[in-house]
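Dear colleague,

Please find below the structure that I am handing over to you.

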Amino acid sequence: MSREELIERLDDLLHDLGKHLLLPVALLPATATADDLRAAIAAGLRQVAAWHAFQAAGAAALANDTGFRRVQATVAAALVWADAVDVDRAQVQADFAAVGQAVRAWRLQVAGD
Amino acid sequence: MTERRSDPVRVLLVDDGPRYQQTLAALDNVQLLSIDGQLRAPDGKAALDWLDGRRAEVDVVLLDVQFEVPDDRLLPLEVGASPRKTRRFQGVAILREIRRRWPDLPVVLLTEWQDLSLADAAADVSATPVTYFAGAVDADTLRIRIWSARAEATQPLEDQGVLWGRDPAMRALRHRLAVLARGGLPIVLEGETGTGKSHLARAFIHPNSGRRGPFVAIDLATVPAELVPATLFGALRGSYTGSVADRKGAFEVAHKGTLFLDEIQNVPLDIQKQLLRVLQEGRVQPLGAVAETEVDVKLVVAANVALADLVAAGRFRRDLYMRLSPATRVTVPALRDRRQDYALLLRQLTAACAERPAVRALLGEVASGMGLRRGAGLRLVVGADMRHPPAGDALELAMPDAAWRAITQHPFPGNLREMAMLAENLASFTLFSAAEAARAGVELHHGRLQIDSGLVVELLSTAPAVEAVAPVDDRVPVRVAPAATLGQCAVAVERQVMEALFVRCRGDLGAMAELLLGDRGRARAVQLRLNQLGLSVRHLRADGDR
């Protein structure tokens, strides 16, 4: 995967995470139940095509990349919430925000900013 | 249009998928408009087609950034952009087109993350008025953002004696000033002479500050340097030559009220230090006094130059500048940047000049001869309005098309002050001729007088010869170093020039385009050139912030 392609894919991932996961969870009403929250997460995860495409395209090649590993770890932590019995909304948001931060940090590193 | 508090905000959602629709449909006080049976427009073309006939039905547009739609549904992003990049920033392309067609339509770009590449791609439109980024939001924040966008766009054309007009920059400025007026920090107003800074302070900021004390205005351009300390801080009798009585300073007089210091750039450096101390401690020490007096004022300062430039030039103290809350400084736009408001402003200024005694006397004389009621006002009639017969409730001054064209092309270097004088001169000359004719026995019945086109051209051509272009110094020092080729040398020089102008124009690519190309609308060309030179707008802005 070229540097430019990697940057583009990271941008896609940021966009999808924001649109399909963080924003819908943030916009749930304060009275939302754990089921509402789980449903929002599950629906969002189905939509985050960018991550699946990203993994399919370059996971093997990037396996030793620190940035990739860090993102992968944060994604794994966030995905747990889709099946969790007790759902802590603040922690859900923090975990997905951590994914975004990891992606952004990696993007900055790749872009050489 | 007036704000209807209870009405839901009518939102046109532009999104290629249903995700935002599902999320937004749950928000109170938000009504997603139906487009061909869906609660969203699936792409830019569909949105623009729909808006073409139904703009009035929309309060706010909510716009996604990335659109996965077929090639034939994409709006072009920029020359040479790949289909992928065009999809990635399709929201920016749609926003540009909306800004071109409906500059006053509020648009909220829906982007959750701090999108680094979007910041660059949308640099030319992100800073335009009524354009917002949703940012990291919760439901309440997004609702407030949407509601504020509508409120800003639907505020009255005129209120509290200020002509805000339709210009989006002025409407945004009203909102900003309303917020700043309530706060406790100083307000910095920048803008060319004649843009109405003093009037804004008196008519809008002070009444909206919630302060019950007086409004005190000091024009520092008219105060001799040696009298500035006594004028601002007060003085005891005998404390300086010619001081024959105790004198209260402006800070003390404005206690619990608003102090407006016009042309703050004229304050000498040594007195700036004293001013800084007053701001820091909230106390003044009159000349010759031992005791200090506590003062509580809302400070508003105005300058017709960029104070940041004076700081850079060592002519204004940095610490005082920082104390003035420069992050929230407000730039009042030049009149030539509000051309869509020319007709409204000239109408209002014409009506207002009828209150001046000289004009009122002439108006009374002519109006009574025409059989108009006593106290009839003055109304300017422009363009299509002239097709209607005079309404009879005011004496009408009709502006010929040719004269109106000349006015719309005039840059008004003296800004509102110059336009007010033009209105008064047009009224005086037209009424004077009519009054003379009436005295000579000419019967006037029509209720409408034609303005002489030649008079308009003459008044415009003898307008004060003030520099029409924004006061940006176009001289840039460059350092030339040997390079392998002349081409490389030229690029190095151009980079320095562009960087310096970016700083001088404070990141306003439109101002750079005006300076370099004579056309503010070509900001995009400037941005592309910066990119070609390897200069990132984001980096330059970050450098500027530091």
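A salt bridge is counted here where a side-chain nitrogen of Lys or Arg lies within 4 Å of a carboxyl oxygen of Asp or Glu. By this rule, the count over all chains comes to 32 salt bridges. Please bear in mind that the model is a predicted one.

Salt bridges between the chains

Between chain A and chain B, the count is two salt bridges. Arg84(B) takes part in a salt bridge with Asp12(A), in which the closest N and O atoms are 2.4 Å apart. Because Arg84(B) lies in helix α3 (residues 83-88) of chain B and Asp12(A) in helix α1 of chain A, this pair joins two chains. Arg84(B) also forms a salt bridge with Glu8(A), and here the closest N and O atoms are 3.1 Å apart. As to polar contacts, three residue pairs between chain A and chain B are counted, with both residues at pLDDT 80 or more.

The side of chain A that touches chain B

At least two residues of this side come from each of α1 (3-27), α2 (34-47) and α5 (89-111) of chain A. The largest share, 15 residues, is supplied by α1(A). Sorted by class, the side of chain A that touches chain B holds 12 nonpolar, six polar and eight charged residues.

Extent of the contact

The contact draws 26 residues from chain A and 21 residues from chain B. The size of an interface is often expressed as the accessible area lost when the parts come together. Between chain A and chain B, the buried area is about 2200 Å², and carbon and sulfur atoms give 59% of it. Within chain A, the residues that lose the most area to chain B are Lys19(A), Leu23(A) and Leu27(A), which together account for 29% of what that side buries.

Packing of two helices within chain A

Helix α4 (residues 66-79) of chain A packs with α5(A) at an angle of about 170°, and their axes are 8 Å apart. Since angles over 145 degrees count as roughly antiparallel, α4(A) is therefore roughly antiparallel to α5(A). On the α4(A) side, the residues in this contact include Phe68(A), Val71(A), Val75(A) and Ala78(A). Among those they meet in α5(A) are Phe96(A), Val99(A), Val103(A) and Trp106(A). The residues of the contact of α4(A) with α5(A) divide into 11 nonpolar, two polar and two charged.

With kind regards

Conventions:
Residues numbered from 1 in each chain as written. Chains lettered and ligands numbered in written order. Predicted model: local features only at pLDDT ≥ 70, side-chain atom pairs only at ≥ 80, totals over all residues. Heavy atoms only, no water. Contact = heavy atoms within 4.5 Å. Buried area = accessible area lost by both parts, 1.4 Å probe. Polar contact = N/O pair within 3.5 Å; in protein donor to acceptor, adjacent residues only side chain to side chain. Helix = DSSP H or I, 4+ residues; strand = E, 2+ residues; numbered from the N terminus. Nonpolar A, V, L, I, M, F, W, Y, C, P; charged D, E, K, R; others polar. Axes fitted to C-alpha atoms, helices over the stretch in contact; angles between N-to-C directions. Parallel < 35°, antiparallel > 145°, perpendicular 65-115°, else oblique.
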